[in-house]
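Have a look at it first, then read on.

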Amino acid sequence: TSKLGILLSGRGSNFLAIADSIANDQLKGCEIAVVISNKADAPGLAAAQERGLKAVAIEARGRKRAEHDEEIVATLRAHGVDLVCLAGYMRLLSPEFVQAFPQRILNIHPSLLPAFPGLDAQQQAFDYGVQVAGCTVHFVDEQLDHGVIVLQKTVTILEGDDAHALSERVLEQEHIAYSEAIARVVSGQYTIEGRRYIKR
Ligand code: GAR
C-alpha cells in the first residue's frame, strides 16, 4: 500500500473526498498515514481526527519557511509517507521540501493551468470571461502551480453563472479528479517526458 500524507490549511473537502474514495474502495492500494495542517484550527484537521486518522498541526508562527518545512518533512518521513497530497494547502513549499519528495508531491488547483495560478483562481477565470474552466492535478515543482500535469477536468460556464456557483461546480470535479490522479500515480503506470505525463 502507498502511504499518503495530506497537507491542508482549511475546509478539507478534497482531503475528505480522498478519504471517502479509499474507504469505499474506489481508490485501492492507498492509506492515509498522516494529515498535517499549518493551521491548528483548520476544519479539515478536526475532520481527520474524527475519522481516527493521525492529525498533526505544524504552525509556521514566525519561523522561517525552511525550518517549518523541515519539521513537516520529518513528520511525513516518520509516518513512512511515499506520496504527499496538497489539498488546499495555502503555503509555498521550500526547495528542500520539494527535493525531499521528487515527483512525489501532488497539488490540486482550481483552474486549467497554466491559466490563473495563485489565489482565487475561479474568480480570476470568471472575471477573465472564460467559457471553459476546470481544475488541474499536477506534480509540485519549485515554481508556483507549475509542475507536470497529471490530470485536468473541465467545467463549462453556464448562463447566469457567478464565481461562487462556478467554484462549486469546479469543486465537484476536484473531488473526482484528485482520487483519479492519485490512482494513476500509485499505479506507477506512467512515464514523464519533459513536461508530459504519459500513461503506459
Ligand atoms: C480547493 O478549491 C483547492 O483547489 C484550492 O483550495 C480549495 C481548498 O478546498 N487550492 C488552491 O487554490 C491552491 N492554490 P478544500 O480545503 O475544501 O479542499
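## The annotated domain

UniProt, in an unreviewed entry, puts the feature "domain: Formyl transferase N-terminal" at residues 5-182. UniProt positions here follow the numbering used in this report, with feature names shortened, and such annotations may be inferred rather than shown by experiment. Over residues 5-182 the chain is 38% helix and 22% strand, and the end C-alpha atoms sit 12 Å apart. Helices (H or I, at least four residues) and strands (E, at least two) are DSSP runs, numbered from the N terminus.

Keep in mind that this is a predicted model: local features need pLDDT of at least 70, side-chain atom pairs count only at pLDDT 80 or more, and totals for chains, interfaces and linings use all residues. Residues are numbered from 1 along each chain as its sequence is written, and side-chain values use heavy atoms, leaving out hydrogens and water.

## Around the ligand

Which residues surround the ligand? They are Arg 11, Gly 12, Ser 13, Asn 14, Gly 88, Met 90, Ile 108, His 109, Pro 110, Gln 122 and Glu 174, where being near means having a heavy atom within 4 Å. This shell splits into three nonpolar, six polar and two charged residues.

Now for the polar contacts (pairs of N or O atoms within 3.5 Å). Glu 174 has a polar side-chain atom 2.6 Å from a ligand oxygen, and Asn 14 puts a side-chain N or O atom 2.9 Å from an oxygen of the ligand. His 109 brings a polar side-chain atom to 3.3 Å from a ligand nitrogen.

## The UniProt binding site

The "binding site" annotation, again from an unreviewed UniProt entry, covers Arg 65, Met 90, Arg 91, Leu 92, Leu 93 and Asn 107. From this set, Met 90, Arg 91, Leu 92, Leu 93 and Asn 107 belong to the lining of the largest pocket. A pocket is an open set of points on a 1 Å grid over the protein atoms alone, where a 1.4 Å probe fits, with protein on both sides within 12 Å along at least five of seven lines; lining residues have an atom within 4 Å of a point. Arg 91 itself is in the loop between strand E4 (83-86) and helix H4 (95-100).

Leu 113 and Pro 114 are joined by a cis peptide bond, with omega about 10°. Pro 114 is in the loop between E5 and helix H5 (121-128).

Technical notes:
Polar contact = N/O pair within 3.5 Å; in protein donor to acceptor, adjacent residues only side chain to side chain. Nonpolar A, V, L, I, M, F, W, Y, C, P; charged D, E, K, R; others polar.
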